[in-house]
Amino acid sequence: MKHVSLGGLDVSRIGLGAMSMSAYYTGAGSDDAESVRTIHRALELGVTHIDTAEVYGPFTNEELVGRSVKGRRDQVVLATKFGGISHSGREGLDSSPASIRVAVEGSLKRLGTDYIDLYYQHRVDPDTPIEDTVGALAELVAQGKIRHIGLSEAGPATIRRAHAVHPVTALQTEYSLWTRDVEAELLPLLRELGIGLVPYSPLGHGFLTGQIRSMDQLADDDWRQGNPRFIGENFQRNLRIVDEVEAVAAEANATPAQIALAWLLAQGDNIAPIPGTKRVSRVEENSAADNIELTAEQIVRLNNLTPAAGDRHDEIGMAIIDR
């Protein structure tokens, strides 16, 4: 597995998002043993970057990841997130210094480690100045409890303000063949400041794999049942994107998922996607994308795909994205 640098943090250029093992998706939490095997297999394949958050479960995903990397801590770049759960009695997003101090201790305990490699603010807290949040994180860096600071779904102004207080190592945001908003302002800014990009949902919440052809395949409590891109006419329109990806995949003797990941990797050397899965077979498939080199013509075809129909999150989800 090739490696890249995220603002000075060395990671495998394909990581593993652990969220779907414990929350939100069909079958989440139904087979922890397979999830553990998936993490172990990822490490065998050279994946070093594993991403979780306290809100996944909540808490159970960090515990699962902690059990899985026990005895293998030196092989792993552990990333987790705070701010989706309040620890100071406030409602909603909470990135106050008081809440952060409680949150980090809980994450350290659940992960079974004495330091976190990359600690993200999960969503920007409108009620706490970013300078106060990053100041608290800088104290944790000084104490050795975290090694790098990350932001998730933060807008350009917030990133600049945060980076002025303490270097930000990585921004995590959605980026894929059907979500390309970051290309206008964020990617140039991250390159200017030397910040890495960690695309989450690089496979479009599974849509770009070509495996979802009907909403009947998803459980009633699967969060995608309420995602605008999976609903009604948008679903049918977005299938055309998958058809185009499948055509490139057939030409390249690869799977649609591998093509989607290979396209992301071709966008720059400061990009390290974290495709999520809870199955060994999928982590093997995703990791193999590291060896796929798309032709210039294929990249142009993928660049010109039909834009996705529908917002990438529902109204509530979009409202908490800093823009």
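Visitor: What makes α9 stand out in the lining of the largest pocket of this predicted model?

Guide: Helix α9 gives the most to that lining, with three residues. Both α9, residues 280-287, and α11, residues 315-319, supply at least two residues each.

Visitor: How do you know which residues line the largest pocket, and which of them lie nearest its centre?

Guide: A lining residue must have an atom within 4 Å of a point of the pocket, and 47 residues line the largest pocket, with Met-19, Tyr-25, Ser-201, His-205 and Trp-223 nearest its centre. The space in this pocket comes to about 1,400 Å³, and by class its lining has 18 nonpolar, 20 polar and nine charged residues.

Visitor: What is the volume of the second largest pocket, and what is its lining made of?

Guide: The second largest pocket has a volume of about 300 Å³. Its lining counts 18 residues, and Asp-181, Val-182, Leu-186, Arg-312 and Arg-323 are the closest to its centre. By class, this lining divides into six nonpolar, three polar and nine charged residues.

Visitor: Why are the buried residues of α6 said to line one face of the helix?

Guide: In α6, residues 186-193, the buried residues are Leu-186, Leu-187, Leu-189 and Leu-190, the term buried being kept for a relative accessible area under 20%. Seen down the axis of α6, these residues fall within an arc of 160 degrees, and therefore they line one face of the helix.

Visitor: What covers the buried residues of α6, and which residue follows the helix?

Guide: The cover includes α5 (156-165), β8 (170-174) and β9 (196-200), while Gly-194, with a positive phi near 75 degrees, follows α6.

Notes. Residues are numbered from 1 along each chain as its sequence is written. This is a predicted model: local features need pLDDT of at least 70, side-chain atom pairs count only at pLDDT 80 or more; totals for chains, interfaces and linings use all residues. Side-chain values use heavy atoms; hydrogens and water are left out. On a 1 Å grid over the protein atoms alone, a cavity is a set of points where a 1.4 Å probe fits but cannot get out, and a pocket is an open set with protein on both sides within 12 Å along at least five of seven lines; lining residues have an atom within 4 Å of a point. Grid points are joined across faces, edges and corners, and a volume is the space filled by probe spheres set on the points. Helices (H or I, at least four residues) and strands (E, at least two) are DSSP runs, numbered from the N terminus. Ala, Val, Leu, Ile, Met, Phe, Trp, Tyr, Cys and Pro count as nonpolar, Asp, Glu, Lys and Arg as charged, and the others, Gly among them, as polar. Buried means under 20% relative accessible area, exposed over 50%, partly exposed in between (1.4 Å probe, protein chains only). The arc is that of the directions from the helix axis to the C-beta atoms. Contact means heavy atoms within 4.5 Å.
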